[in-house]
Amino acid sequence: MSIPNFGVGLSALAVGDLAASAEAAGWDGFFLWDHLFAFPPGPVDVVDPWIALAVAATRTSRIRLGTAVTPLPRRRPVKVAREVTTLDHLASGRFTLGVGTGAMPFEWDHCGEEPDAAVRGDMLDEHLELLTRLWTGEVVRHEGAHYRVAGDDWGGLAHPPPVQRPRVPVWVGGTWPGGRPFRRAARWDGVLPMRVDGRWTVTDTADVTAFVARHRVVDAPFDVAVPGETDPGDPAAGDEVRAHAAAGATWWVEAVHPWRFGYEDGGAWPAREMAARVAAGPPVRR
């Protein structure tokens, strides 16, 4: 399941409570959005996802934790490498890094960050390659188009490495249909696809799975984490999830956001409804 890192009354402790509830209810993953601001704007609280996930790591023991997704081009590679490693140790090897180029001008232009999406794509690719090297725990020196790591014999040393080896899993987000984000995803460990023009369908899952397979050159497991919304009282929900699995999905990511519960700008934030959907558990139980 995934939830926004913003909401009326939301705090890092509340995120920890939701993660504990998710684990108790039988969910396999708890993913937090990574935004600088709430949308729509207004008196809506925003929490730092990294600090909130640290709280979640201390409140859980089984469930996988991650971001969905972190726009890496507005972050510094050495800082991200250290945060991911610290979280992976805190969670005993249960962290997954979801990444993307990001969207919405208030996350970029309004903060003085790179506004050009193509340039952010180049930054993301370089950032990921550098993260992989930093996660080795060895000395790193890097002179790239966008990032630099230099120093003396220990100046680029990011130690210790993460618990998970050879590295923390990386899932790449992207809007379907599209090309570059999904070719990028094929080089890593998973994909977090979405649509902005309607509901995600089984056909979408099959198409993304086939696209990634055509571009994948690594013989290793790959996750297709598809988005969806189910009613815990709907007997057909399990059939829908199984249909996506048959089309290639390995994860069903239940989107627990306010708009699915009828939230409108300035209205009451449906915190209770969101918490109840988490506590009701996944649409398919083992």
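This is a predicted model: local features need pLDDT of at least 70, side-chain atom pairs count only at pLDDT 80 or more; totals for chains, interfaces and linings use all residues.
Residues are numbered from 1 along each chain as its sequence is written. Local features need pLDDT of at least 70, side-chain atom pairs count only at pLDDT 80 or more, totals for chains, interfaces and linings use all residues, and side-chain values use heavy atoms, without hydrogens and water.

Start with the whole chain. Its secondary structure comes to 8 helices and 11 strands. Helices (H or I, at least four residues) and strands (E, at least two) are DSSP runs, numbered from the N terminus. The radius of gyration is 19 Å, close to the 19 Å that the globule rule gives for 286 residues, so the chain is as compact as a globular protein of that length. That radius is taken over C-alpha atoms, and the rule is 2.2 Å times the number of residues to the power 0.38. Along its principal axes the C-alpha trace spans about 60 × 45 × 35 Å. Of the 286 residues, 50% count as buried (under 20% relative accessible area; exposed is over 50%, partly exposed in between, with a 1.4 Å probe and protein chains only). Take the contacts (heavy atoms within 4.5 Å) between residues at least 6 apart in sequence: 71% join residues at least 24 apart.

Now look at two helices. H3 (residues 77–90) and H4 (residues 117–134) pack at an angle of about 50°, with their axes 9 Å apart. Axes are lines fitted to C-alpha atoms, for helices over the stretch in contact, and angles run from 0 to 180 degrees between N-to-C directions. H3 and H4 are therefore oblique to each other. Angles under 35 degrees count as roughly parallel, over 145 as roughly antiparallel, 65 to 115 as roughly perpendicular and the rest as oblique. Pro77, Val78, Val80 and Ala81 in H3 meet His127, Leu130, Leu131 and Leu134 in H4.

Next, the backbone. Most residues other than glycine have a negative phi, and most peptide bonds are trans. A cis peptide bond joins Ala68 and Val69, with omega about -5°. Val69 lies in the loop between strands E3 (64–67) and E4 (70–71). The bond from Arg165 to Pro166 is also cis, with omega near 10°. Pro166 sits in the loop between E7 (148–149) and E8 (170–175).

Ser92 has a positive phi, near 55°. It is found in the loop between H3 and strand E5 (95–100). Ser92 is exposed, at 59% relative accessible area. Met104 has a positive phi near 70°. Met104 lies in the loop between E5 and H4 and counts as partly exposed, at 28%.
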